[in-house]
Amino acid sequence: MTKELLRVFGRIGLLSFGGPAAQIALMHQELVEKRDWLTEKQFLRALSFCMLLPGPEAMQLATYAGWKRQGIVGGLIGGGLFVLPGAVVIMVLALAYGTYGNLPVVQALFLGVKATVVIIVVEALVKIAKRALIKTKHLILAGGAFIALFFFALPFPLVILVAAVIGAIGQPGETTAHAPQSGTLVRSLKIAMVGGLIWAAPFGLVALTGNSFLHDIGVFFSTLAVVTFGGAYAVLAYMTQEVVVSYAWLSTPQMMDALGLAETTPGPLILVTQFVAMIAGLAEGGWGMALIAGALTLWVTFVPCFIWIFAGAPLIDWLDGRPRLRGALAGITAAVVGVIANLSLWFACHVFFGAVSTVSAGPIQTIWPDLTTLQPIAIGLAIVTGVLLLGRHWPLPLVLLISAALSLAVSAAMGLI
């Protein structure tokens, strides 16, 4: 059975391009249609459960499917192989980017990638808005989240917490499922406690070294792992603010390049955290520090995902019947629409203009582009990729390749490289 799990989830991990929707569709095909590992009802209930959790829902769904098939070992295989191929690719790309990223040719290629990223984020915004904004309350939450972030620069975790509370208000408190048995609860608590100790183990090693950089990497990405509701797009603006401004690990252009590269790899988009940590590690102490920082970030980002599944999967029926919990999730998802709208505008300003500053007036704090630094090449590339990606629905890897090639050709023709 283990060999079959390795073969099936290895295939899923290698082919998991295109974001959560494509990844979930691939798993449905492999696990429900081709095999009887999960029934349709089990698959949909597990997906709903994974959407309640922080972290990448597709990776957690793969973990659940493996757990359902062969317990904790199966879950480790399912979730691990979903992440591993992309993590290896990101490692190679980060080292190459850190070594050659400043070359004019590479910068020209990445202009095309950045232009495409703007369209990708807009596409994500439209898809999530269609699913999430089903009530007037949800529209208000989305608008409020956008205003809070774009005009007042409020902390992302605070915005998500407020959205969850508002979403839960007015929902019935009774459950439609029987309460779990005490033995099941005790087992889940034991798994959560042991898992928490395993998750925290690297911090002991970091403390022994006294390395403040690795301590900051571990603490920041651990925090990020438990607030990643709504997918990676939801936390990108928050992560960028912290990485660029608070820690000064990366520049804004490097952060946008990181997202563009993460979009081209298999596996969850949250692997962008590994790329960020490795680029910061390269600047801090070369390849060795980059590899350590990347490994630490992978650990603190994905170990919680296994804990949520192993501890929570036995309670899935009970959790599925909690209206207030589902109301809180709906509130978070609605707020995520505003969060991604803020992200899309932020990305567009930094891609389409050469200089963007921060302006303040009382409690208001927002960005403002220098209109004289408008970049026509970037706008033209975004229009082309928008037509191909949104209009003709071409595959994302192909669109990224075309946009990068066009950017390189135009830059060469204009004598910029």
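This is a predicted model: local features need pLDDT of at least 70, side-chain atom pairs count only at pLDDT 80 or more; totals for chains, interfaces and linings use all residues.

User: Which residues line the largest cavity?
Analyst: The lining is made up of Gly-55, Pro-56, Phe-221, Leu-224, Ala-225, Thr-228, Ile-270, Thr-273 and Thr-301. Two elements give two or more residues to that lining: helix H9 (212-225) and helix H12 (272-312).

User: And which element has the largest share of the lining?
Analyst: H9 does, with 3 residues.

User: What about the classes, how many nonpolar, polar and charged residues in the lining?
Analyst: The lining of the largest cavity has 5 nonpolar and 4 polar residues, with no charged ones.

User: OK, switching to the strands. How many residues of strand S1 are buried?
Analyst: The count is 0 among the 6 residues of S1 (residues 356-361), so going by the cut-off of under 20% relative accessible area, S1 is hardly covered.

User: How do S1 and strand S2 run, parallel or antiparallel?
Analyst: S1 and S2 (residues 364-369) run antiparallel, and 6 bridges join them. Among the pairings, Ser-357 has Trp-368 in S2 as its bridge partner.

User: What's in the turn, then? How many residues sit between the strands of that hairpin?
Analyst: The hairpin of S1 and S2 has 2 residues between the strands. In that hairpin, Gly-362 takes a positive phi near 65°.

Key
Residues are numbered from 1 along each chain as its sequence is written. Side-chain values use heavy atoms; hydrogens and water are left out. On a 1 Å grid over the protein atoms alone, a cavity is a set of points where a 1.4 Å probe fits but cannot get out, and a pocket is an open set with protein on both sides within 12 Å along at least five of seven lines; lining residues have an atom within 4 Å of a point. Helices (H or I, at least four residues) and strands (E, at least two) are DSSP runs, numbered from the N terminus. Ala, Val, Leu, Ile, Met, Phe, Trp, Tyr, Cys and Pro count as nonpolar, Asp, Glu, Lys and Arg as charged, and the others, Gly among them, as polar. Buried means under 20% relative accessible area, exposed over 50%, partly exposed in between (1.4 Å probe, protein chains only). Two strands pair if DSSP finds at least two bridges between them.
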